[in-house]
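This report describes selected features of a predicted model. The sequence and the structure are shown first, and the account of individual residues follows.

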Amino acid sequence: MTTTPKATKRRFGGTPAQIQSALKFYKVLAYATGAMLLLLTIELIVRYGFNSVLISGGTDTLTGAAHSFGLVQLQDGASLVIGGLNISTTVLIVHGWMYVIYLIADFRLWSLMRWPFSKFILIALGGVVPLLSFFLEGRIHRQALAELAAHPQATKRY
């Protein structure tokens, strides 16, 4: 007597609509975080390679002249322009908070898809390794859609 192997039913942590929503949220954050990470990489090269920061506005402490916009040399780790907006520091802060939101998007998608923890870590690395989020986003998106299409019987959660 031969038995046919029973197809395993894929169990998702959410409905297809919830997973689609999580995919959209993840996609937006992957591109935004990736773009901010590229700006951050450029900022770090300018800061540590050229010992400069990008500042908008303020006053030059040596000459007293108004500073409009541009790179300012650092002396002993401090800028000689006061009162302006340090765009370099702003990029650091914005990327940091955007990465936190990216991790939330990552966690939401990961938990709804019920993927292994290693995939969560891989996706999380997309926000700290330059260019990785752009490559991962397409791959993760295709995998999630393929799993949803391959298991239509598992779509109902309730």
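F107 is partly exposed in this predicted model, because its relative accessible area is 45%, a value between the 20% and 50% cut-offs. W110, by contrast, counts as buried at 17% relative accessibility. F107 and W110 lie 3 residues apart in helix α2 and are therefore separated by about one helical turn. An α-helix has 3.6 residues a turn, so residues three or four places apart point the same way. F107 and W110 also belong to one aromatic cluster, together with F117 and F120.

By the ring-centre criterion, the model contains 8 aromatic pairs. One of these is formed by Y26 and Y102. Y26 lies in helix α1 and Y102 in helix α2, so this pair ties together parts that are 76 residues apart in sequence. Both Y26 and Y102 are buried.

| Pair | Centre to centre | Angle between planes | Class |
|---|---|---|---|
| Y26 and Y102 | 6.0 Å | 35° | tilted |
| F107 and W110 | 5.5 Å | 45° | tilted |

Helix α1 has 35 residues and spans 49 Å from its first C-alpha to its last, close to the 51 Å expected at 1.5 Å a residue. Y48 lies in α1 and is exposed, with a relative accessible area of 65%. L39 is also placed in α1, but is partly exposed at 42%. The C-alpha atom of L39 is separated by 21 Å from that of A78, which is 39 residues away along the chain.

Y48 is also one of the residues of a nonpolar surface patch of about 880 Å², to which F25, L44, L92, I93, W97, V100, I101 and I104 contribute as well. Helices α1 (16-50) and α2 (87-113) each supply at least two residues of this patch, and the largest share, 6 residues, comes from α2.

Just after α1, N51 takes a positive phi of about 55°. Strand β1 (residues 52-56) is joined to strand β3 (residues 69-75) by 5 bridges, and the two strands run antiparallel. Within this pairing, V53 stands opposite V72 of β3. Strand β1 also pairs with strand β6 (residues 85-86) in the antiparallel sense, over 2 bridges. There, I55 stands opposite N86 of β6.

Technical notes
Residues are numbered from 1 along each chain as its sequence is written. This is a predicted model: local features need pLDDT of at least 70, side-chain atom pairs count only at pLDDT 80 or more; totals for chains, interfaces and linings use all residues. Side-chain values use heavy atoms; hydrogens and water are left out. Patches are made of residues with over 30% relative accessible area and no salt bridge: like charges are joined within 9 Å, nonpolar side chains (Val, Leu, Ile, Met, Phe, Trp, Tyr) within 5 Å. Accessible areas come from the Shrake-Rupley method with a 1.4 Å probe; for residues, only the protein chains shown count as cover. A salt bridge is a side-chain nitrogen of Lys or Arg within 4 Å of a carboxyl oxygen of Asp or Glu. Helices (H or I, at least four residues) and strands (E, at least two) are DSSP runs, numbered from the N terminus. Buried means under 20% relative accessible area, exposed over 50%, partly exposed in between (1.4 Å probe, protein chains only). The expected span of a helix is 1.5 Å times one less than its number of residues. Two strands pair if DSSP finds at least two bridges between them. Rings of Phe, Tyr and Trp (its six-membered ring) pair if their centres lie within 6.5 Å; planes under 30 degrees apart count as stacked, over 60 as edge-to-face and the rest as tilted.
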